[in-house]
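Trainee: I have a new model to read. Please take me through some of its features.

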Amino acid sequence: MSSGFEWEPWLGTTVAIAVAIISVAAVLTLLHLLTALISRRLIWVREFARRVRRAMASTALVVAVWIGCAVTAPAEQEWWPPVSRLFLITTILTGSWLLAASISFGFERLIAREETVLFGPEARRRRTQLLVIHRLVLVTIAVLALGTVLFTFPEMRAVGTSLLASAGIASIVAGLAAQSILGNLIAGVQVAFTDAIRVGDVVVIEGEWGRIGEINLSYVVVYIWDERRLVVPCGYFTSRPIETWTRRSDKILGTVYLDLDWRVPMAPLRAEFQRIIEESAAWDRRSASALVTDAQGGFVTVRLVISAKDSDDQWALRCEVREKMMSWLQREHPEALPRTRMELQSAPGSSSEVGSAES
């Protein structure tokens, strides 16, 4: 009994695919055993294997099945060229995934090592630069992978040739259309490598106080103190002035202003101020002063200057000093609290005496 369809060639294809899958599984198992053995001395090897396991398995499986089909019956069919191209595209994509996962692991290891060696502004600078380079590399891999996929189609090659022939016009049009996007991309690289801001810097932007949380290729995310997020284009940091509190050091001075009555006793006030900051763990003992900086109308302005190792301690210390000085003045020197004075004068022709009042 004869049939128009022969099973023998496809049976060979099935066997070839099965052998390919079993071979991939055996190789991956062997690599897992080697990883477990090596990771006894190099702990990072196990983490690297975990990060790339899926990408490696996907790439190896696609290539193995592709080879199994290419050496058996499917390669002789009319529909094989487009299927083979599909295998090629899948291999390009999974290989790019594997490459991106490997590079990401390397950058993360490098950033973690830098953070254990460097501290303060230098550590933030290096981390910011590595993060930007990391994103640039990932974007480059994605663009190259997409371009390679497109150029597997002969039609796209013809389009590419035509585009190259009109590169002058295309570059002008693309430049005008993508001026803002390219400007932000260039500004992102400039921000990272000119050391203008760094991840972790304390800044004041648009009247908002926060920390630089993320620096991407086109925008920066500022983590506001009340858990809001301020997304700012990178071009903002290259075209406008910004206030940063951690440019060269985290150390910072803070001020507390007290509007008091003219009768405030400055010597006891300085003594109490000194006692408060010396008992506080937030004061770093670099600087402290209490001076009358202004005297207008019925008030004098006392400025208390305090230093702290970073902005968080400075904020806490300012609040503590303000609260304790207020309580001390209320308790020990109520006459120093601000008062409003008025002078009462009799009307013309009245026999009343001129008086004064305080409130």
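Trainee: Which exposed residues does the face of H10 turned away from its buried side carry?

Mentor: That face carries Trp-315, Glu-323 and Arg-331. Exposed means over 50% relative accessible area, buried under 20%, and partly exposed in between (1.4 Å probe, protein chains only). One caution: this is a predicted model, where local features need pLDDT of at least 70, side-chain atom pairs count only at pLDDT 80 or more, and totals for chains, interfaces and linings use all residues. Residues are numbered from 1 along each chain as its sequence is written, and side-chain values use heavy atoms, with hydrogens and water left out.

Trainee: Why do the buried residues of H10 line one face?

Mentor: An α-helix has 3.6 residues a turn, so residues three or four places apart point the same way. The buried residues of H10 include Leu-317, Val-321, Met-325 and Trp-328. Its buried residues fall within an arc of 135 degrees, so they line one face of H10. The arc is that of the directions from the helix axis to the C-beta atoms.

Trainee: What do the buried residues of H10 pack against?

Mentor: Look for contact, meaning heavy atoms within 4.5 Å. The partners are strands S1 (202-205), S2 (208-215), S6 (252-260) and S8 (299-308), plus helix H9 (266-278).

Trainee: Which residues of H9 are buried?

Mentor: They are Met-266, Leu-269, Glu-272, Phe-273, Ile-276 and Ile-277. They cover an arc of only 130 degrees, which puts them on the same side of H9. Their cover includes S6, S7 (288-296), S8 and H10.

Trainee: How many aromatic pairs does a search of the whole structure find?

Mentor: Rings of Phe, Tyr and Trp (its six-membered ring) pair if their centres lie within 6.5 Å; planes under 30 degrees apart count as stacked, over 60 as edge-to-face and the rest as tilted. The search finds five. One of them, Tyr-236 with Phe-237, is edge-to-face: 5.6 Å centre to centre, 75 degrees between the planes. Tyr-236 counts as buried at 13% relative accessibility, and Phe-237 at 7%.

Methods: Helices (H or I, at least four residues) and strands (E, at least two) are DSSP runs, numbered from the N terminus.
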